Structure formats: structure tokens, C-alpha cells
Amino acid sequence: MTIQLHDTMTGAARELVPLEPGHVRIYSCGPTVYGPAHVGNFRSFLFADLLVRYLRYAGLRVTWVMNITDVDDKIIKGAGAEGVSIAEISKRYREGFLQDGRTLGMTVPDVMPRATEHIPQMVELIGRLLERGNAYRTDDGSIFFRIASWPEYGRLARLDPEGMRVGERVEADDYGKDDVRDFAVWKGPRADEPSWETAIGPGRPGWHIECSAMSMAYLGPSFDIHTGGVDLIFPHHQDEIAQSEAATGQTFVAYWLHCAHLQMGGQKMSKSLGNIDRVGDVLGRGISPRALRLALVSAHYRAPLSFGEDSLAAASSAVDRLDALFAALAAYRNDCPDDATLPALLDGTRAAFEAALDDDLNISPALAAVFELVRELNRRIDARQLSTADAGRATDFLRGLDRVLGIAPVAEETLDAELQKLLDDRAAARAGSDWSASDRLRTVLAGRGILVEDTRDGQRWRRA
RNA sequence: GGCGACGUACCCAAGUGGUUAAGGGGGAGGUCUGCAAAACCUCUAUUCAGCGGUUCGAAUCCGCUCGUCGCCUCCA
């Protein structure tokens with residue numbers, strides 16, 4: 001099995017060949033913790049999560065680093081507005097981010113470095129750029145990367161540096177740079193801003209430098225995969241490449257993977273447009289975390305994904321369908337020979353699932369394979385074709401695939417005693433054909449979030 | 001203006017040269033069932049934005065037109 005990934009730098013997909021055999025090193029641009037992340041942000045984090053999950057599923061060792069930007073203009077502004085420290089602001093939203101990530105079943109990255117804890121690494125990197133003549137100081141103590149010293153600049157985004165010259169869209173120069181296209185790697189000290197005393201002078205880091213310094217600190221000067229949203233291609237990732245490669249002389253990243261935007265109302269979800277939804281907002285409307293996760297990962301990562309009440313409702317129904325199957329398999333009992341055709345069915349599903357994900361994480365056909373299996377298993381349950389052991393095999397198989405997807409219900413062998421008592425009472429009532437008691441208990445259980453369904457093997461339950 | 005992506009059923013979304021155009025959701029019938037739920041079955045695109053071209057053959061390749069979105073600026 002060979003995994004193909006689409007690299008933004010070349011514009012084409014090619015086989016993933018880790019620099020170190022069997023070990024894939026990945027850096028993902030994480031959140032700037034100045035406010036709660038919205039679900040559009042989480043689309044890109046869950047895309048990276050899917051990548052990591054699939055590579056691990058495929059047997060590869062993965063080291064996944066995701067940074068936390070905890071010092072930047074917006075955090076400073078937010079702290080000033082509230083009259084608290086940037087540490088307090090960033091702690092609040094870092095914890096919120098971690099909580100939302102847990103809610104959505106996001107794999108915890110192996111390392112989550114914070115910018116404020118890696119100032120020395122950034123200073124060292126900037127020092128090298130100064131020595132090599134790729135960066136220069138301005139009067140206020142800021143340090144800029146000199147675009148003109150890096151001929152490859154613009155290649156990642158296919159932008160012509162000449163065409164960017166002094167357009168209306170190029171930001172006004174407020175730090176006195178030589179060329180308006182140059183970007184800050186270090187910002188000189190200002191009275192109302194946090195500042196670090198360092199070998200290159202006092203000040204604070206520019207945004208781009210942290211990702212170069214922290215990725216290289218944990219993954220080395222050259223690593224396999226760097227992920228982020230398409231909006232980071234330029235200038236953020238282009239700047240990372242320039243400053244990293246200028247400093248090391250080595251190829252920074254082998255594969256650049258970028259996730260398209262989540263769309264709401266026909267436009268990209270973004271704070272500035274105001275069309276945002278946060279994890280808490282969506283959950284507050286009664287959508288389950290797994291349905292939200294499915295809604296965010298269900299389309300190919302490089303395609304814009306429509307998000308809204310319709311997509312959430314569709315995802316909720318799909319998750320319910322999966323839950324119903326898990327419940328049916330758990331309750332199924334049939335003392336008969338094993339279904340001789342089951343192994344081929346499962347093997348075929350696995351092959352289709354893996355072939356799809358091998359193809360640049362093409363999740364749609366992978367999900368189609370899963371749901372075709374769902375229908376086929378339901379058929380066999382209805383036909384009493386499976387043995388009790390087969391039902392267990394099917395469950396284990398689905399859980400195996402779900403290591404990648406993360407949308408299956410949490411395995412729950414036992415219920416708490418009170419709920420179990422209600423179920424037992426209802427089973428007893430049914431045994432005596434006491435339908436009114438049976439119906440009443442079903443309503444009581446529904447009120448506790450337990451859906452009960454009756455089958456020829458007795459009642460079965462699942463979480464609402 | 002420059003660069004790039006895209007336009008497939010009621011909605012979301014696969015398919016990128018060749019059997020009946022995946023899958024999910026929704027809708028309409030039906031089966032099963034004490035009721036309910038779930039499930040299963042049938043139907044819901046002779047057609048892939050439009051026009052023209054290449055080809056024995058195109059949703060898939062080429063050209064043009066229309067439309068949408070993104071990046072070029074903080075942004076996942």
C-alpha cells in the first residue's frame with residue numbers, strides 16, 4: 001500500500017516516502033489563543049488529525065507537533081482591553097482549545113510547543129539569518145527578513161514577487177523596512193507590549209519565526225509534512241520556508257498539505273465576516289460531538305466544505321445509523337454456523353477503505369465503503385445469517401476502521417444500576433405481555449437518554 | 001488586475017476516457033412489528049452549468065461563455 005499526498009509546492013500528488021523510514025514527522029499550524037477557535041479552525045485541525053490517525057493505522061510511527069501561538073498582536077490587544085496579562089488570556093483560550101479538541105475526538109499532538117517558551121530557539125535562528133545577510137535591523141530594534149536575498153520567494157503560492165511590489169494591498173510600513181515586502185522576524189520593544197531581553201536585543205518574535213524555530217526544534221531542520229489552512233500558504237508558510245531554508249541551507253519540508261476552507265452561507269467561515277460557529281454553539285443546539293466531527297471531516301480536505309444546519313442534520317442521521325448498527329450487533333444472538341461469506345465482505349470493505357484513504361486521504365469513498373458495509377450487515381442481521389461470533393467480528397472490524405474516523409459510539413458494556421433496573425423491569429413486563437408497563441418504562445428510559453428498541457432477541461438500547 | 005480551485009439529483013458529495021453515474025441526508029410507497037423504533041426492499045440524475053471541438057466512445061480531454069469560491073492583507 002502506498003500513500004499518495006498532494007503537495008502544494010509541486011501542485012501534484014506523490015507517494016509519501018518518509019525521510020526516516022517508517023517514521024513520519026508532521027508539524028501543524030495550531031491556534032492563536034486570543035479567543036475561542038471556531039469550527040472552521042477545527043476543520044483544519046481535524047484534517048491533520050485524520051492524517052495522523054491514518055498514518056498510524058497504516059503502521060507508521062508518527063511524531064506530530066502542533067504549536068500554540070501565545071504571543072501576538074491580537075493577544076496583546078485582548079489582554080490590554082481586559083487589563084490582564086497575555087499569559088492569562090492565552091491560558092484561558094489554550095485550555096478552551098484543548099477542551100474542544102477532546103470533545104471532537106482530536107488526537108492529542110505529541111508536542112504542543114508554545115511560542116513564549118521557545119524564545120531562545122527563535123533568537124538563535126534570527127542570529128543565523130543576520131550573520132548570513134538574510135535579515136537586517138531597523139532603527140526601532142526590529143529585524144526583517146530580506147525578500148531580495150531569497151530568489152525562491154513566492155514559489156509556494158505561485159506568486160510573482162515583482163507583482164507584489166507596493167500594491168495597495170501590501171501593508172503600510174510601520175517599522176521602517178527597506179522593502180515593503182520584507183517581513184518581521186523580530187519586533188522591537190514598545191512601551192505597552194511584552195518584551196524579552198535577548199542576544200539580538202529586546203523585543204518580541206514575529207509570527208512566522210515561531211513555526212520555523214519550533215518545528216525545527218522538535219522535528220529537525222528537514223521534516224516530512226507541514227499542514228495548515230489554505231489561507232496560510234501566503235504569506236505564513238512562504239515566510240517559514242524562506243527563513244528556515246536561508247538559515248539551514250536544507251529543504252525545510254517535503255510535503256505541504258493545505259486544507260480548504262469551511263464554508264457557511266457560501267463564503268469561508270471567518271471571524272472577520274462574522275459567519276462563525278463555535279464548538280460550544282453547535283453542541284448547544286443539540287448536535288452530538290461525533291456528528292459535528294463527521295460534518296467537519298466528511299469531505300475531501302482540499303475541497304471547500306459546506307457547513308450549516310443541513311450538513312449537521314445529515315451527519316447526525318448518519319451517526320445515528322452507525323449507533324443503531326452497533327447496538328444491533330451488541331444485542332444480536334444466534335446460535336448457528338458462522339456466515340461463510342462474512343470474511344470476504346469485511347476484506348472487501350477494508351480494501352476499498354484503504355484504497356480511498358491512500359489516495360490523498362479521499363475520505364468520501366472510504367465513508368461510502370463503511371456505509372455499504374453497514375447496509376450489508378443490517379441485511380444479514382435481518383436475515384439471521386450471522387452467528388453471535390460473527391456479530392462480534394463485525395463490531396471489532398468496524399472499531400478497527402474507526403481508529404481512523406473517530407465517529408463510532410463509545411463502547412459501553414454496562415449501564416449504571418438504576419438504568420439497568422428499569423431495563424430489567426421492562427423486560428419482565430414484556431415477558432408478561434404487560435404492554436402499558438412496557439411502554440411507560442420505555443418513555444421513562446427515553447427521558448434518561450436511553451433509546452430502547454424491541455427485537456426477537458429481546459430489547460436493545462443505545463444512547464440518544 | 002495577477003494566480004488558483006470549482007460548477008454532478010431537493011441538499012451534501014464521490015466518480016477525471018469505456019459495464020446499470022458511489023455514499024450520506026431528505027422525500028414517496030412497501031415489508032416486518034402489540035405499539036414504537038430500528039432495519040430491509042422499491043422509486044427519487046437517459047444525465048453531469050451552457051455551447052462548440054477531439055475521439056469508435058467524455059461528466060471525465062481541449063476551447064469559449066456564464067456563474068461561484070479562495071489567495072494576492074491578519075486569517076485554519
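1. Quick word on terms: an axis here is a line fitted to C-alpha atoms, for helices over the stretch in contact, and angles run from 0 to 180 degrees between N-to-C directions. Helices (H or I, at least four residues) and strands (E, at least two) are DSSP runs, numbered from the N terminus.

2. Bear in mind that this is a predicted model, where local features need pLDDT of at least 70, side-chain atom pairs count only at pLDDT 80 or more, and totals for chains, interfaces and linings use all residues. Residues are numbered from 1 along each chain as its sequence is written, and side-chain values use heavy atoms, without hydrogens and water.

3. On to H9 and H12: their axes are 8 Å apart, and the two helices pack at about 145°. The contact (heavy atoms within 4.5 Å) involves Leu 325, Phe 326 and Leu 329 from H9, plus Ala 391, Ala 394, Thr 395, Leu 398 and Arg 399 from H12.

4. Then there's the second largest pocket. A pocket is an open set of points on a 1 Å grid over the protein atoms alone where a 1.4 Å probe fits, with protein on both sides within 12 Å along at least five of seven lines; lining residues have an atom within 4 Å of a point. This one has 41 lining residues, with Phe 326, Arg 399, Pro 409, Val 410 and Glu 412 nearest its centre.

5. Which helix gives the most to that lining? H9 does, with nine residues. Helix H8 (289-297), helix H12 (388-405) and strand S15 (458-463) are among the others that each supply at least two.

6. Finally, Tyr 54 and Tyr 57 both sit in helix H1 (residues 39-57), three residues apart.

Note on methods: Chains are lettered from A and ligands numbered from 1 in the order in which they are written.
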